[in-house]
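Colleague: I would like to learn how to read a protein model. Could we go through one together, feature by feature?

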Amino acid sequence: MQTLTQNLSSQGVSPELTQLILTLADTSKAISHAVRHGALAGVLGATEQENVQGETQKKLDVITNDMLKDALKADSTVRGLASEEEDHVVEVGSNGEFLVCFDPLDGSSNIDINSLVGTIFSVLPATDAELTEQSFLQAGRNQVAAGYVLYGPSTMLALTTGKGVQLFTLNPETNEYLLTDAAMSISKDTAEFAINMSNQRFWEAPMQTYIADLLLGKIGPREKAFNMRWIAAMVGDVHRVLSRGGLFTYPTDNKNPQKPYKLRLMYEANPMSLLVEQAGGKASTGYETILDIQPSEIHQRVAVILGSANEVDACLEYHGQDYSQEPEL
């Protein structure tokens, strides 16, 4: 099996981007170690602080954020970083080629019940101009790399540098990431969907109708039985989609009119959408392709519908959209 380093070399990834990806990968090994120790290391539970989104921070949110921030500050290829746990963008170095956006511990509410969590990251090109929040506000198609690390029974790294999606598994004996799937591929059709059904009454009418038709199964207009899955961590639900197809959505809702969307564009929706498109799937808000959105601020939230291409198209038809063209890879 190829190691991560060997695979990046075989793909012709630049030395600078290789260095950054290896920094992220090495830090994820340390995060995996911290997650595995859990209560034994006293890292479970919540802090008395809130992040910029007004969400109570878990102890591991803060710990993993600091681990990534420290590692990226020591990497000469990084110009700046943005994190779910940081109020503002952070300048790292004056000569770095890349900007890194990340969610250090996606699904951290699962930590205290020993369920799936992960790290999501997005790499953008830096400009020569002074580093500001505006430097990061690039459409998702500008990403030069994106990926996630899933901390589950195995620690797995899904990565794209624009040449498909590769899946690596951390060997616990050697502490190296080894290539276990050279080309992840999302089936075009599926009979699985993932959604938080507790918000059903708050969804827009198109999503209400779409999900209702799925639940009717073979006696409904889709004439097909669907299964619902929900992990409550985007990294886990998207990993399932990449592994065996499916549709994942966190749609627009009016539960809180001030926050109609749940997921963050820059460090959740964009990297996951790039992975999904590179694996042959599609990703949309219901009304526009996620990777084409021009961001307005670093913590911007968006609706997300992603996964198997034909099923995403079916969902978009309910929204009055036609995105049946093949995605740009």
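Colleague: In which sense do strand β11 and strand β13 pair?

Modeller: Let me begin with the ground rules. This is a predicted model, where local features need pLDDT of at least 70, side-chain atom pairs count only at pLDDT 80 or more, and totals for chains, interfaces and linings use all residues. Residues are numbered from 1 along each chain as its sequence is written, and side-chain values use heavy atoms, with hydrogens and water left out. Helices (H or I, at least four residues) and strands (E, at least two) are DSSP runs, numbered from the N terminus. Two strands pair if DSSP finds at least two bridges between them. Here, β11 (residues 192–194) and β13 (residues 247–250) pair in the parallel sense, over 2 bridges. Look for Phe193, whose bridge partner in β13 is Leu247.

Colleague: What is the order of the strands in the open sheet?

Modeller: There are 5 strands, in the order β12-β11-β13-β17-β15, and the pairing is mixed. At the edges stand β12 (227–228) and β15 (282–284); each has a single partner strand, so one side of each is left without a neighbour in the sheet.

Colleague: Which strands does helix α6 touch?

Modeller: Contact means heavy atoms within 4.5 Å. Helix α6 (residues 234–244) packs on the sheet and touches β11, β13 and β17 (304–307). Axes are lines fitted to C-alpha atoms, for helices over the stretch in contact, and angles run from 0 to 180 degrees between N-to-C directions. On that scale, the direction of α6 makes about 155 degrees with that of β13. Helix α8 (residues 309–318) lies across β13, β15 and β17, at about 150 degrees to β17.

Colleague: How many aromatic pairs does the structure hold?

Modeller: A pair of aromatic rings is described by the distance of the centres and the angle of the planes. Rings of Phe, Tyr and Trp (its six-membered ring) pair if their centres lie within 6.5 Å; planes under 30 degrees apart are stacked, over 60 edge-to-face, and the rest tilted. The structure holds 3 such pairs. One of them joins Tyr210 and Tyr318 edge-to-face, at 5.3 Å centre to centre and 70 degrees between the planes. Tyr210 belongs to helix α5 (residues 205–216) and Tyr318 to helix α8, so the pair ties together parts that are 108 residues apart in sequence.

Colleague: Is Tyr210 buried or exposed?

Modeller: Buried means under 20% relative accessible area, exposed over 50%, and partly exposed in between (1.4 Å probe, protein chains only). Tyr210 has 0%, so the residue is buried, while Tyr318 is partly exposed at 25%.

Colleague: How many salt bridges are there?

Modeller: Side chains of opposite charge can pair when their charged atoms come close. A salt bridge is a side-chain nitrogen of Lys or Arg within 4 Å of a carboxyl oxygen of Asp or Glu. By this rule, there are 13. Among them, Arg141 and Glu277 meet at 3.1 Å, N to O. Arg141 lies in the loop between α4 (133–136) and β7 (145–151) and Glu277 in helix α7 (residues 265–278), so this pair ties together parts 136 residues apart in sequence.

Colleague: Which residue forms a salt bridge with Asp237?

Modeller: That is Arg240, with the closest N and O atoms 2.8 Å apart. Both lie in helix α6, 3 residues apart, about one turn of the helix. Asp237 is buried at 0%, and Arg240 is buried at 12%. Salt bridges that share partners join Glu192, Arg229, Asp237, Arg240 and Arg244 into one network.
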